[in-house]
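Welcome, and please have a look at the protein shown below. This short report walks through its fold, its core and one of its pockets.

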Amino acid sequence: AQAEQEAAECLRMIRGFHVQYVAYDLEYNSVSYAKEHGVVIGPALATAFAQAFCNTVRKAGYEPLLYANWDYANHMFRLHDIDAGLWYARYQSEIDREDVALWQYRDTGSVDGIEGKVDLDMAMKAFDEIEQDGACPEVWSVYNSVEECPGWAQPTVEKLVKAGAIKGN
């Protein structure tokens, strides 16, 4: 019930904004806080929370995502029981899963106008609804070959091209 309430509050807060994806994020400090208050969150409970949140989000017309790092994706959540795309945090040069919708590949990025380090993410599936022309066109980079991509991205981009997930530039 609390996960559904959290989803409802999240949906209330984004009302009026152009949002298509809403993510559920269970952090270590939330698990620690719960434990300090007598609630042990293991895989069954974490999965139930994520399912409830994501189902509420989907019923409201949004696409749910589950945000998880390697540890949570492999030990905390039963991913096959959660109907949501996986937003996967794993800071390395290559992705190590094939079921990833978004890959958070770095937490030390920089963006003009933002003070401090920021997370950097890459879409790993087609997000057809994203219109590049209207969504910060200065952010989009176009590469004509794998070799033109940043070195850290080349192994993953090459895999995506070979799998047919991305084509053209």
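Among contacts between residues at least 6 apart in sequence, what percentage joins residues at least 24 apart? The answer is 48%. Please keep in mind that this is a predicted model.

**The fold**

You will find five helices and five strands here. Starting at the N terminus, the elements follow the order α-β-α-α-β-α-β-β-β-α. The protein has 169 residues, and 32% of them count as buried.

**The core**

The largest nonpolar core is made up of 38 residues. Tyr24, Leu26, Met76, Phe77 and Trp103 have the most contacts inside this core. Its largest share comes from helix H3 (residues 43-59), which gives five residues.

Leaving aside residues up to four places away in sequence, Leu26 touches Val31, Ile41, Ala46, Tyr72, Met76 and Phe77.

Trp103 sits in strand E4. Is Trp103 buried or exposed? Trp103 has a relative accessible area of 0%, so it counts as buried. With residues up to four places away again set aside, the partners that Trp103 touches include Tyr88, Arg90, Ile95, Leu120, Met122, Met124 and Thr156. Met124 is 21 residues from Trp103 along the chain, yet the C-alpha atoms of the two are separated by 6.6 Å.

**Helix H5**

Thr156, one of the residues that Trp103 touches, is also one of the buried residues of helix H5 (residues 154-162), together with Val157 and Leu160.

Now to some open space. The second largest pocket has a volume of about 310 Å³. Its lining can be sorted by class as follows:

| Class of lining residue | Number in the second largest pocket |
|---|---|
| Nonpolar | eight residues |
| Polar | two residues |

Among the residues that line the pocket are Gln2, Glu6, Asp25, Ser30, Tyr33, Val39 and Phe49. Tyr24 and Leu26 also line this pocket, and both are among the residues with the most contacts inside the largest nonpolar core. Ile41, which Leu26 touches, is another lining residue.

Note on methods:
Residues numbered from 1 in each chain as written. Predicted model: local features only at pLDDT ≥ 70, side-chain atom pairs only at ≥ 80, totals over all residues. Heavy atoms only, no water. Core = buried A, V, L, I, M, F, W, Y, C linked by side-chain atoms within 4.5 Å. Buried < 20%, exposed > 50% of the residue type's maximum accessible area, 1.4 Å probe, protein only. Helix = DSSP H or I, 4+ residues; strand = E, 2+ residues; numbered from the N terminus. Contact = heavy atoms within 4.5 Å. 1 Å grid on protein atoms, 1.4 Å probe; cavity = no way out; pocket = protein on both sides within 12 Å on 5 of 7 lines; lining within 4 Å. Points joined across faces, edges and corners; volume = space filled by probe spheres on them. Nonpolar A, V, L, I, M, F, W, Y, C, P; charged D, E, K, R; others polar.
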